[in-house]
Amino acid sequence: MREKYSTLTWFPLLCFSILSFVKPASAQEVVWRHQGLGNTPNISLLMEGSKASLILLSSPFSSRVIALDPKDGSVRWEEELAERVARPGRLVADIALIATHTGSLLALDSDDGTILWRQRTEKEADFAAMTPAFVEGFVYTLTEKGVLSRFSIAGERLTKVQVDPDVEGRRADIVPMWRDNKGLSILDQAGRLRTFDLVTLDVVLDRQLTTGVGPGLGPLRCEVLGGVYSAPRDRIWTSELSGLLRASLVSNNKTIWTAKVGQPENLYSEEGRVLAVPILSPAPDQKTLLVTRHRAWAFRADTGEVLQVRDLPSPAVAPPLFDSARQTWWVITQHSLVELRWDGLSRIVDLPILETPYTAALAGDLLVIGTSDGKIYALSLAENPVLDQEL
């Protein structure tokens, strides 16, 4: 399965003024840089309030894990694991959770990298299907062969169930989804939405959503790329490889509206990263926001009315990041850093980076960018006269 269907740190974006006719401003300041540890890096953060206290680096091409100090990029600790890292790490409650390619779940002390505990899957070569989830003080994992587990923070497996990973005999990979039900919900490529009881892991919601048909695929085999699920509103917004953005009522599987956002090749980056993962703007005036390789879209969440369609200055390389402190979005393109705001204004600065960006994470006043060859840069997002100029 190609990487464009894998789980990602999650994603998109926004309404903003036309960028293609605006000359970029001067480059943002590089606060520090680090050599990194492998191609297509993963960046995870341990947050304390609105500030990051630790940056965790990993790569699917490496067995090393490196923890950096957000202030200056210095190495806090480095650990060489016996197995390569399969998914981005999850930093919670002073531990780093790491899923490996051979099926292990490791918990490392975030202070010094010491391995606190290790759990292995019971089936041979059963890899992680998603980044470990942390909900209400417990750790949840799902493997590619459908083993769903609940662990205590001390590593004790408390509950385990078998769930079906296949649809019509074909494995349906888990896709990125933001949710506000504060529970354990997952969405897969076939459009199957499932919610599990947090204690028993019983299925409390199982919906096969209506989807379009992806290129060369049959009924119920559309490739869903990502979604945003609002359980209180009984709604889900999904992006599909067919190029559609779809809003649906979950309770009766009724499609509310659809919108065409592009051809399949524009729904993910040139590096193969999924870009078209929808997200909601804050209430009460909610918009559904989406980024494709060359454009940013904003729709009225309830009706699908197109509010904004804007061209990006260069191709997007990763889903945008929402900055709750500034109520703005940051979009990383091949050559620029773009700030997108709810009021329709936008700002753009050159990226002072020679390599092609691949991923990014917000760490308070820092934007941490990983390049496709593994280098790590931290850019200052502190108040800057350049960014304060309306474009």
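Glu78 counts as partly exposed at 41% relative accessibility, where partly exposed lies between buried, under 20% relative accessible area, and exposed, over 50% (1.4 Å probe, protein chains only). The model is predicted, so local features need pLDDT of at least 70 and side-chain atom pairs count only at pLDDT 80 or more, while totals for chains, interfaces and linings use all residues. Residues are numbered from 1 along each chain as its sequence is written, and side-chain values use heavy atoms, with hydrogens and water left out.

Glu78 has a partner: Arg64 forms a salt bridge with Glu78, and their closest N and O atoms are 2.5 Å apart. This pair links distant parts of the chain, since Arg64 belongs to strand β4 (residues 64–68) and Glu78 to strand β5 (residues 75–80), 14 residues apart. Strands (E, at least two residues) are DSSP runs, numbered from the N terminus. Arg64 is partly exposed, with a relative accessible area of 25%.

A salt bridge here is a side-chain nitrogen of Lys or Arg within 4 Å of a carboxyl oxygen of Asp or Glu. Side chains of opposite charge can pair when their charged atoms come close. By this rule, the structure has 18 salt bridges.

Another of these pairs is Arg171 with Asp173, whose closest N and O atoms are 3.0 Å apart. Arg171 is partly exposed at a relative accessible area of 33%, whereas Asp173 is buried at 15%. In the salt bridge between Asp188 and Arg194, the closest N and O atoms are 3.9 Å apart. Both Asp188 and Arg194 are buried. Salt bridges also join Asp285, Lys287, Arg300 and Glu305 into a network.

The sheet comes next. Strands of a sheet pair through backbone hydrogen bonds, either parallel or antiparallel. Here four strands form an open sheet in the order β28-β29-β30-β31, with antiparallel pairing. At its edges are β28 (321–323) and β31 (346–350), each of which pairs on one side only. From one strand to the next, the twist averages 25°; axes are lines fitted to C-alpha atoms, and angles run from 0 to 180 degrees between N-to-C directions.

Within this sheet, β29 (residues 328–332) and β30 (residues 336–341) pair in the antiparallel sense over five bridges. Two strands count as paired if DSSP finds at least two bridges between them. Val331 stands opposite Val338 in β30.
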